[in-house]
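Thanks for making the time this morning.

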Amino acid sequence: MSLNNEILKYVNNNVYPFHMPGHKRNEAFLLKNSNLYDFTEVHGLDNLHSPTSVIDELENTIAKKYEADKSFICVNGSSGGIMAAILACVGEGEKLLVARNCHRAAYSGIIFSGAVPIYMEVENNGSFACGVNPSTVEREILKHKNIKAVLLTSPTYEGIVSDIKKIADICHQYNILLIVDEAHGAHFVFHEKFPQSAIQCGADVVINSLHKTLPTYTQSAALHIKGTLVNKEKVKCMISNIQTTSPSYIFMAGIENCFHLLEDEKHFETYMKRLESCRTVMENLPLFDLLGKDAVGTNGIFDYDISKLVLFTNVQADFSMETVLRETYKIQIEASSMDYIIAMTSVADTEEGFSRLIYALGDINQNHTRMKNRVEKQVTFLIPEQKLTPKAAMFAPKKPVVLKDAVGQVSGEFIIPYPPGIPIVAPGEVITPEIFEFIDTCKQKGTSFIGTNDTNLDCIEIIF
């Protein structure tokens, strides 16, 4: 097998991408002859690690769009931005109040920084993690003294937005920094029908994964700073330490091309018309329940991102919706879970793409029967007991044991269902019977895992 051959096979099969990256391979939104842009830091092209000309101008353009005091380009994706933000804001032994549904990159930042994580509860709807209630943030700040910063994810992988303005106000009342992983919300500032960006709501540091929902190349991201609580020079230093010393000029040129193209508002106006038309059709398909306005005000959901098509499936049939969409209708969705699917849309989606998705779902709706009573999946997002900090556990002596024998032991590694990359267990946490049962269920469903040496999860490394 060959990676190149498999990529070309995928492309030649004419499978439409309702998944990342946001450019959707639409040539109208991409650089022409991108190989011409693969450069290093030669005369006139500036230096990402200390920009003074064209890259500095590009970062200023980004900052102006997001209403930030300062924006930094990240070519290691939002993962690098999240790690740099933690390293710049929280030191060894200092407390970081962190939402349990944060991405794996947040846990890496915690390990590298030596911060002590204080995990806080995230509301859930029985299928996935939803929002963080402002009252939860304030309760945990009062309970745990000397919190240095708060970190949460908004929007979530499913497009759920927390009340960032209220949370920011609470944090600032106690002189605490608010860091928001807004990887999936880079497009918010481009149209009024999307939620407000976290940087506009008062967050101190916000990280956007540009490539997820905008027409830029994979790994393109940005970190934004606003306010006086953040040491900008320290953030710049940490980003420089995290990022490659050979940044891709294709990525940076692609970001500039994206922001230049999107100055023309007609692109997002056209996209919104297509998106809203698609959502209207989906709302009237009996076999599907589309995440929408009725969810706001429940489970910590302050707002939601209409670009994410989150469909709860009610089909009375034993088949994989993802597989059927791909093999029968030539559509690849972003993710498929036990009872819902996610189709990611962007400004680069075409009329033909939306039409294909509408036809596929309509055809499935017409040819299948709805479940009489959809079984609600009561997924519990547990916060295990923490015996060691993630850093101490990561570097402690370990040994592999059979998974069932790991119950009651302290994990020496991450156990992360992917996507979306949220740990069930982090290093230093106790593996409970409930966690074992959840992992076993995920394995039976064919869920992929990352973070473990044994990708099949027959064994796990524990601290001894």
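Predicted model: local features only at pLDDT ≥ 70, side-chain atom pairs only at ≥ 80, totals over all residues.

The crossing of helix H5 and helix H6 is right-handed, a crossing being left-handed if the near helix is turned anticlockwise from the far one by less than a right angle, and right-handed if clockwise. Residues are numbered from 1 along each chain as its sequence is written, and side-chain values use heavy atoms, with hydrogens and water left out.

H5 covers residues 134-143 and H6 covers residues 164-173, and their axes come within 9 Å and cross at roughly 15 degrees. Helices (H or I, at least four residues) and strands (E, at least two) are DSSP runs, numbered from the N terminus; axes are lines fitted to C-alpha atoms, for helices over the stretch in contact, and angles run from 0 to 180 degrees between N-to-C directions. H5 and H6 are therefore roughly parallel to each other, since angles under 35 degrees count as roughly parallel, over 145 as roughly antiparallel, 65 to 115 as roughly perpendicular and the rest as oblique. On the H5 side the contact (heavy atoms within 4.5 Å) is made by Pro 134, Val 137, Glu 138 and Ile 141, and on the H6 side by Lys 166, Ile 167, Ile 170, Cys 171 and Gln 173.

Helix H3 (residues 77-89) and helix H8 (residues 232-242) pack with their axes 8 Å apart, at an angle of about 135 degrees, and that makes H3 oblique to H8. This crossing of H3 and H8 is right-handed, and among the residues that make the contact are Met 83 and Leu 87 of H3 and Met 238 and Ile 242 of H8.

Now to the core. The largest nonpolar core has 123 residues, and those with the most contacts inside it include Tyr 66, Leu 178 and Leu 325. By nonpolar core I mean a set of buried Ala, Val, Leu, Ile, Met, Phe, Trp, Tyr and Cys residues joined through side-chain atoms within 4.5 Å, where buried means under 20% relative accessible area, exposed over 50%, and partly exposed in between (1.4 Å probe, protein chains only). Helix H9, residues 249-261, gives the largest share of this core, eight residues. A second, separate core has 14 residues, including Phe 449 and Ile 462.

Is Ser 411 buried or exposed? Ser 411 is buried, with a relative accessible area of 0%, although its place is in the loop between strand S16 (398-402) and strand S17 (416-418). Not counting residues up to four places away in sequence, Ser 411 touches several others, among them Ala 393, Pro 427 and Ile 462.

Finally, the backbone. Most residues other than glycine have a negative phi, and most peptide bonds are trans. Here the peptide bond from Met 20 to Pro 21 is cis, with omega near -5 degrees, and another cis bond joins Ser 154 and Pro 155, with omega about 5 degrees. Arg 25 has a positive phi near 60 degrees and, at 36% relative accessibility, counts as partly exposed. Glu 67 also has a phi near 60 degrees, and Glu 67 is partly exposed, with a relative accessible area of 44%.
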